[in-house]
Amino acid sequence: MKVFFAVDGSHGSTAAVRQVGELLSPQNDTVAFYFAPPEIIVRHAAAAEETRERARKAIADAVFDEGRTSLPPLLAATSTEILAEHTAAEGILIEARKWNAELIVLGAQGMSAWEQLLLGSVSQAVAHNSTLPVCIVRPRPADRQAEPLRVLFAYDGSTGSAAALATAERLTFPTGTQVFALAVVESIACGSVPAWLMQKARHADATAMADAWGREHEDDKRQAHDQLAEHMAKQPAPFSSAESIVAEGHAAEQILRVVHERRIDLVVLGSHGKGMIERLLIGSTSSKVLAGSPCSVLLARGK
């Protein structure tokens, strides 16, 4: 797989290279580092362009060196360096396509929710606009470095979730990696009927109907669990041994709940590519998970 690392010398980008680099194989994968240098201002006109170019090269060399030292040596030895003049998000998307990347990797920028709403962040802009799979990396907590890697695959039957799983399966996970597969079904009342109103509406016919709905709903949940388990059993290791979970409620809320409860390190899910207005007004599952997850997120858009 061709993996495209967007680097800038920050702690976040270094952590992204290190963590994803541990899941790559020199036999199966090749990597590229992309860096867009900041604008360099030289106050004196004499030899300004020459000075600017030397400074630009020195900064780029330092960033690329940091990236290479964060990779396993055999992968670093064959890495490609891409230096281009673009705005950050635009440049990542343009150069990744030119290099025929199959996965874009970058560190989360950690902006506040309000800043993201007003300005966006590089990681969010790339995740929402890329036609390629994207992995937004957050560093694993220091106290969990020695623990097995925990991966959560959010399954919804879409082409996006299939593409995300296919990308994750091309990574080389360490022995002992634990995988959980989650399907989310809607609540029987979608959380919209208050408990007091349900009590007021209780009489023989309503009770009989509610009981019938309840039995049908439980059957649906069992069927969803069986379908998910059957689907995962057909996947390569470690996904073939995933623990199947069926949760009830809103997808993003349930994904984030499982992330916290199971101490997940990487979430794998599809992105449905909603437009900017839809994301602004109501959000999307992938947007909410990306914004609320304390761990890394791998997204892929369906066709």
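**Reading burial and cavities**

Reader: What covers the buried residues of H4?

Author: The cover includes strand S1 (2-6), S2, strand S3 (80-83), strand S4 (103-107) and helix H6 (122-129). Helices (H or I, at least four residues) and strands (E, at least two) are DSSP runs numbered from the N terminus. This is a predicted model, in which local features need pLDDT of at least 70, side-chain atom pairs count only at pLDDT 80 or more, and totals for chains, interfaces and linings use all residues. Residues are numbered from 1 along each chain as its sequence is written, and side-chain values use heavy atoms, without hydrogens and water.

Reader: Which residues of H4 are buried?

Author: Buried means under 20% relative accessible area (1.4 Å probe, protein chains only). In H4 (residues 88-98) these are Ala 89, Gly 91, Ile 92, Leu 93, Glu 95 and Ala 96. Asn 100, with a positive phi near 60°, follows the helix.

Reader: Why does Ser 25 count as buried?

Author: Ser 25 counts as buried because its relative accessibility is 8%. It lies in the loop between helix H1 (11-21) and strand S2 (30-35). Beyond its neighbours within four places in sequence, Ser 25 is in contact (heavy atoms within 4.5 Å) with Leu 75 and Thr 172.

Reader: How many cavities of 30 Å³ or more does the structure hold?

Author: Rolling a probe the size of a water molecule over the atoms shows where empty space is left. A cavity is a set of points on a 1 Å grid over the protein atoms alone where a 1.4 Å probe fits but cannot get out, and lining residues have an atom within 4 Å of a point. The structure holds two of 30 Å³ or more.

How values were computed: On a 1 Å grid over the protein atoms alone, a cavity is a set of points where a 1.4 Å probe fits but cannot get out, and a pocket is an open set with protein on both sides within 12 Å along at least five of seven lines; lining residues have an atom within 4 Å of a point. Grid points are joined across faces, edges and corners, and a volume is the space filled by probe spheres set on the points. Buried means under 20% relative accessible area, exposed over 50%, partly exposed in between (1.4 Å probe, protein chains only).
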